[in-house]
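Hello,

Here is the structure we talked about handing over. Please open it alongside this email; my notes follow below.

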Amino acid sequence: MSRDPRPESPDTQPEETPPRRFRSPFAIRPRTLVIVGLLAIAGGVFGLREHITFLVSAEQAEAQVVSVETFDPTEGFTLYRPTVRYLTANGGMTATAADTYRPTQAGEMLSVAYDPANPEDARLMDPRDRWILPLWMVVFGMITVVIGIRRARRGPSAD
């Protein structure tokens, strides 16, 4: 039998290996959180910019709801697609469909904004339809980026 060349003394202790850290399979890396957050911010800013650009060149009119098509809720919200009829600035009558989460009924009067170059491109002026989604995306993105940066500064988790 071969002997271990190291002398065994009470002062000599075996080398300790650092404990191995296991990452939960459901853990999200900070870098991923920051990327997802930045993408959400970009999508929200793009949506806000597109809506603001539309409003800068749009004309507003009062529109009468002619009919309403209802879509069953798949994400917890019912979507309504009213067909609205309104008088354009140059005197033409236009009918178009617009999506909304606001319950509407035939005969109701709604405020719409439309593109004078393409009067069939009309959008209801309900804030829930135009502003909420892009604003939520920006807020979600900011929170996600902050969480990702805080996790990155804290270092790897001890899971």
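Glu50 is partly exposed, with 35% relative accessible area. Keep in mind that this is a predicted model.

Glu50 makes a salt bridge to Arg123, and the closest N and O atoms are 3.1 Å apart. Arg123 itself is buried, at 14% relative accessible area. The cut-off for buried is under 20%, so a value of 14% qualifies.

Asp121 bridges to Arg123 with closest N and O atoms 3.6 Å apart. Asp121 is partly exposed, at 23% relative accessibility.

How many salt bridges does the whole structure hold? The search finds three. One of them pairs Arg102 with Glu108, with the closest N and O atoms 2.6 Å apart. Arg102 counts as partly exposed, at 25% relative accessibility.

**Core and aromatic pair**

The largest nonpolar core has eleven residues. Among them are Ala61, Val84, Tyr86, Leu110, Tyr114 and Leu124. Strands β1 (59-71), β2, β4 and β5 (118-124) each give two or more residues to this core.

Ala61 is worth a look. Leaving out residues up to four places away in sequence, Ala61 touches Tyr86, Leu87, Leu110, Ser111, Val112 and Tyr114.

The count of aromatic pairs comes to one. Tyr86 and Tyr114 form it, tilted, at 5.2 Å centre to centre and with 35° between the planes. Tyr86 is in strand β2 (residues 79-87) and Tyr114 in strand β4 (residues 109-115), so the pair ties together parts 28 residues apart in sequence.

**Helix α3**

Ile149 lies in helix α3 (residues 132-154). Ile149 is partly exposed, with a relative accessible area of 37%. Which residue is 119 places from Ile149 in sequence, yet 6.5 Å from it in space, C-alpha to C-alpha? That residue is Pro30.

Best wishes

Notes: Residues numbered from 1 in each chain as written. Predicted model: local features only at pLDDT ≥ 70, side-chain atom pairs only at ≥ 80, totals over all residues. Heavy atoms only, no water. Phe/Tyr/Trp six-rings, centres within 6.5 Å; stacked < 30°, edge-to-face > 60°. Helix = DSSP H or I, 4+ residues; strand = E, 2+ residues; numbered from the N terminus. Core = buried A, V, L, I, M, F, W, Y, C linked by side-chain atoms within 4.5 Å. Buried < 20%, exposed > 50% of the residue type's maximum accessible area, 1.4 Å probe, protein only. Contact = heavy atoms within 4.5 Å. Salt bridge = Lys/Arg side-chain N within 4 Å of Asp/Glu carboxyl O.
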